[in-house]
Structure formats: structure tokens, C-alpha cells
Amino acid sequence: MAQEHQLADRIADLLQQKYDTLKSSSKPVARSNGIKEWTVFAGIVAINTDTNDLRVISLATGVKALPNKELERSGGKMLHDGHAEIVALRGFNTVILQQIYQLKNGEETDLVIHSKDSEYYSFKSNLKIALYISQLPCGDISMRMLKERDIAPEELAIKDEDSIQYINQDNKTILRGRLNFNKKGYVRTKPGRLDSQLTKSKSCSDKLCMKQYTSILNCLTFQLLEQPVYLDYMIVPGMTTEMKEDIDLCFNKQFERCVGTRHEVCYLSTSKEFKDTRNTSDQEPSAIGAIKVFIGQGNSIEQTILNGVKNGSYTKKNKPLRKNCETLVSRFSQWQIFKEIEPKYSQMSYLDFKQSQHERRKLIDYTRSKMSPDGWISTQEDDCLP
Ligand SMILES: [Zn+2]
């Protein structure tokens, strides 16, 4: 246990050091009233089980998700979900794609290798994956830990018979944000103010829960890697034993009826607090997010994110998107690298490709049906055309 605690602290320290080197425009600022903004910080680290060396793969900050309405003009270029842990996971997939592209071009890579006697690639088997998050993921997990004083009265006041908590009245197993707060073990959309535009993006608890079955690969890396990659550790500051049990309960509740292989995550606590975390209730969240990917051989790319696109590229809702507004972790960017690796898909649209992956689709549909027996509510369709 002491060893695992040490591992968690080492990872938290390393990520904090990397955070410190981000551009100041990527970080929360002090507002004119002197109150500092807060954000959530997450990172993906590979642990070499032979040497114990740590290798940062991606890191991200952010607390925003785009309203569903915004996505109509996206064409794969806007990030639906800007929550730090989800963006960091997208960063992981971008790094895998970059490394496969490098391998294909005969370059050296440190995370991915050619599979023996096969057209596929493998993630190195001596690497374990840790996800660090500076606070508990939104949705069911964090709601189990909150005290009543942290909750808005309207979130508490909603009862089972109130229709406002449902996005679709025929679906009682997906709840909106934190409404009907005392209900536990349900899929929820990202929390937001009641007067804000609806996002259909699911909470980070739900997404992380799902990845214990479906892996942390997206449809593109799933196609290219011989074996899926799962999270081995989740590290959050100040996690008590009681919290770890609650997280297990949250995941178990949603998977009670699920058969198949669940790759359980080991939860570790660290005593290292993230410096731009929320400390007081009068602090506002930062609108800015960031992504940094470490693609190998000392190369890294950092981008600042605002409203789902690169900072400075956002246009008002009734206007088309700017050229090159997309971040390197967007669906559009990932699809471009993938088509370079696999030119045979270049005449296909992204969603057609995704639909063609029957086994993966079946796994996802099955997992969704267990998490939400009344059916799934998807976000706005967002395709990249050939
Ligand atoms: Zn979240």
C-alpha cells in the first residue's frame, strides 16, 4: 500500500511540474475582483513495470461541455466534452495515432510497437496506465461525496415525478445534470446550470465507468491496435477508503447485470493537492481549457481551448467555423491521421467507419443497455465527410 501511495504521489508531482510549464494563457487567471478562477487538471501517465519509470502521455485542463445545439456546424472539429479527464483521454488516443504514423514511416517510438507477424500494432505490454484527476469525476461518483450544503436547492428539490430531470420523458434511466440529487447509480448528463443550454454529453463518472468494459481506445486506435488498452489506476487527491468503496459501488451498480470482462481500476489517493483546484465557493470556473500531448522523442504540442476549439478560433453560433480551428484531439484531426495510416478508408465518412466496426459497436451498445435500461440518448451526430 505504501508503495502504491508513493506511486500516486510521484505521478501527481510529475504532472504538477508539467502543468507549471504550460503557457499562462492556458491557465486560470485572477479576475478583476481579485478572486482566482479554478479548473480541473488531468493527465495520463504510463508506468514502466520493469523500471518503474514514468512517462507522461497527455495532460489537460477544463470544466466545460458544449451545448448540443452548438454541434450542428462542427463537422468533427469541436470538442463536445471539455472536461479535463476526457480531453486527456482524447490526448492519449492522439499520441497513439501519432506513434503508429511514426512507426509506419520507420521512426522510433516508445509506446507502440509493430505486432509480430501481423498488420496490427501493439501497445507495449510492460506499460500500465494511470489517469490522474485533480478532483473526483462529475456525475454519480462525485455526487456520492458531496454534502447537502454543496448542492443547489433546485437540484435537491426535484423528485421522481418531476419531468424536468429527464431529457426524454420515455427514458427514466438518464437524468439531467445533478437533478434529483439523491438518486444514485444513474447515468447523468454533464452538470450545468438549469438555465444553460442543454448538453447531452454524459458525466465523466459514466464515461469512465464504461471504459472499464470498452477500453480507453477510440474507434480509430481500436482498429489499429491488436489488444485494447485499459486504465489500471485512477489517482485523485484526498481520496479516503470510504470514497474508494463508494466509487466501486457506483460502478458496480451500473454493471450489476453486465456479463463480460470488466477491467477494474485501482483507485489511489495522493496527498498532493492541485494548485488551481477549487478552494472556496465564491470562485468561478475558468472558461479556458488546455491540452498537451507528448508524442515521443521529446516532442510535445500544447493547445489552449475555448468553446471546444483552439483559443482565438471561436465564431458566433450563426457563423461557420474558422479554418484550422480544430484542436489536435478533435475527431477531425484524429480522422486525418488515421486516413494517412490507413488510406483505404479515405473515401469513407468517420461515422460510416465507426458503424462498420461491428464487434466494438456491439460491446458499446451492450454496455449502454446495462447502464441505462431505458435506452441511450446520444449527442448531436457529428461526422467528418470524406
Ligand atoms: Zn466531468
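**View 1. Helices H5 and H10 in contact.** In this predicted model, Asp206, Cys209, Met210, Tyr213 and Thr214 of H5 meet Leu363, Ile364, Thr367, Arg368 and Met371 of H10. Contact means heavy atoms within 4.5 Å. Helices (H or I, at least four residues) are DSSP runs, numbered from the N terminus. By class, this contact of H5 with H10 has 6 nonpolar, 2 polar and 2 charged residues. Ala, Val, Leu, Ile, Met, Phe, Trp, Tyr, Cys and Pro count as nonpolar; Asp, Glu, Lys and Arg count as charged; the others, Gly among them, count as polar.

Two packed helices are described by the angle between their axes and the distance between the axes. The axes of H5 and H10 come within 10 Å and cross at roughly 135°. Each axis is a line fitted to C-alpha atoms, for helices over the stretch in contact, and angles run from 0 to 180 degrees between N-to-C directions. H5 and H10 are therefore oblique to each other. Angles under 35 degrees count as roughly parallel, over 145 as roughly antiparallel, 65 to 115 as roughly perpendicular, and the rest as oblique. The crossing of H5 and H10 is right-handed. Right-handed is when the near helix is turned clockwise from the far one by less than a right angle, and left-handed is when anticlockwise.

Residues are numbered from 1 along each chain as its sequence is written. Local features need pLDDT of at least 70, side-chain atom pairs count only at pLDDT 80 or more, totals for chains, interfaces and linings use all residues, and side-chain values use heavy atoms, with hydrogens and water left out.

**View 2. Helices H2 and H5 in contact.** Glu85, Ile86 and Leu89 of H2 meet Cys204, Lys207, Leu208 and Lys211 of H5. These contact residues divide into 4 nonpolar, no polar and 3 charged. The axes of H2 and H5 come within 9 Å and cross at roughly 40°. H2 and H5 are therefore oblique to each other.

**View 3. Helices H2 and H8 in contact.** The axes of H2 and H8 come within 10 Å, and they cross at roughly 20°. That makes H2 roughly parallel to H8. H2 passes H8 in a left-handed crossing. Residues of H2 in this contact include Arg90, Leu97 and Tyr101, and those of H8 include Arg331, Phe338 and Ile341. By class, the contact has 6 nonpolar, 4 polar and 4 charged residues.

**View 4. The second largest pocket.** About 1100 Å³ of space lies in this pocket. Its lining has 39 residues; Lys207, Arg331, Lys354, Arg368 and Thr379 lie nearest its centre. The elements giving two or more residues to the lining are H2 (84-104), H5 (204-214), H8 (331-341), H9 (350-355) and H10 (358-371). The largest share, 5 residues, comes from H5. The lining divides into 12 nonpolar, 13 polar and 14 charged residues. On a 1 Å grid over the protein atoms alone, a pocket is an open set of points with protein on both sides within 12 Å along at least five of seven lines, and a cavity is a set where a 1.4 Å probe fits but cannot get out; lining residues have an atom within 4 Å of a point. Grid points are joined across faces, edges and corners, and a volume is the space filled by probe spheres set on the points.

**View 5. The largest cavity.** The count comes to 1 cavity of 30 Å³ or more. The largest cavity has a volume of about 60 Å³. Leu208, Lys211, Gln212, Ile216, Leu231, Met234, His263 and Val265 line it. H5 gives the most to this lining, with 3 residues. By class, the lining has 5 nonpolar, 2 polar and 1 charged.
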